[in-house]
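Here is a short note for a colleague opening this entry for the first time. Please read it beside the model.

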Amino acid sequence: QVQLVESGGGLVQAGDSLRLSCAASGRTSSNYAMGWFRQAPGNEREFVATIRWAVSSTRYADSVKGRFTISRDNAKNTVYLQMNSLKPEDTAVYYCAAAKFRGVDVLYYTRTNSYDSWGQGTQVTVSS
């Protein structure tokens with residue numbers, strides 16, 4: 001099992017940028033898939049972005065494509081979410097997640113129930 005801790009959230013204005021970090025510890029693997037999800041008040045947790053740890057294959061939700069970038073630093077066991085051109089509708093708690101890679105199509109890793117480990121979340125608030 002992997003332990004995950006998110007950081008980097010905050011209160012910003014529309015058009016600003018933030019970079020979220022997810023530090024992984026405990027039992028890890030070089031063949032993991034990592035994901036970012038978010039949940040706004042009254043809504044279900046929704047997919048944001050995913051990356052395969054070993055080869056950096058990525059996929060993004062349509063709502064963030066072109067604005068957000070997921071990346072990883074293997075030496076630091078850390079995954080990042082660079083968020084540019086933030087909008088008020090991006091306001092949510094952002095969660096990092098980890099899953100053992102199973103050779104399944106990347107669409108599999110857009111689902112919350114595909115992940116084994118979750119962080120506690122970090123709040124991102126974008127004012128208009």
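The points below cover the basis of the model, its core, its aromatic pairs and its charges over rings.

1. Basis. This is a predicted model, where local features need pLDDT of at least 70, side-chain atom pairs count only at pLDDT 80 or more, and totals for chains, interfaces and linings use all residues. Residues are numbered from 1 along each chain as its sequence is written, and side-chain values use heavy atoms, leaving out hydrogens and water.

2. Core. The largest nonpolar core has 36 residues. Such a core is a set of buried Ala, Val, Leu, Ile, Met, Phe, Trp, Tyr and Cys residues joined through side-chain atoms within 4.5 Å. Buried means under 20% relative accessible area, with a 1.4 Å probe and protein chains only. Met34, Trp36, Leu81, Met83 and Tyr94 touch the most other members.

3. Contacts of Met34. Contact means heavy atoms within 4.5 Å. Leaving aside residues up to four places away in sequence, Met34 touches several residues, including Leu4, Cys22, Trp53, Ile70 and Tyr115.

4. Aromatic pairs. Rings of Phe, Tyr and Trp (its six-membered ring) pair if their centres lie within 6.5 Å; planes under 30 degrees apart count as stacked, over 60 as edge-to-face and the rest as tilted. The count is six pairs. Phe37 and Phe47 form an edge-to-face pair, 5.8 Å centre to centre with 70 degrees between the planes. Both residues are buried. Ring pairs join Phe37, Phe47, Tyr108, Tyr109, Tyr115 and Trp118 into a cluster.

5. Charge over rings. This requires NZ of Lys or CZ of Arg within 6 Å of the ring centre and within 35 degrees of the ring normal. Arg45 lies over the face of Tyr95, at 3.7 Å from the ring centre. Arg45 also lies over the face of Trp118, at 5.0 Å from the ring centre.

How values were computed:
Buried < 20%, exposed > 50% of the residue type's maximum accessible area, 1.4 Å probe, protein only.
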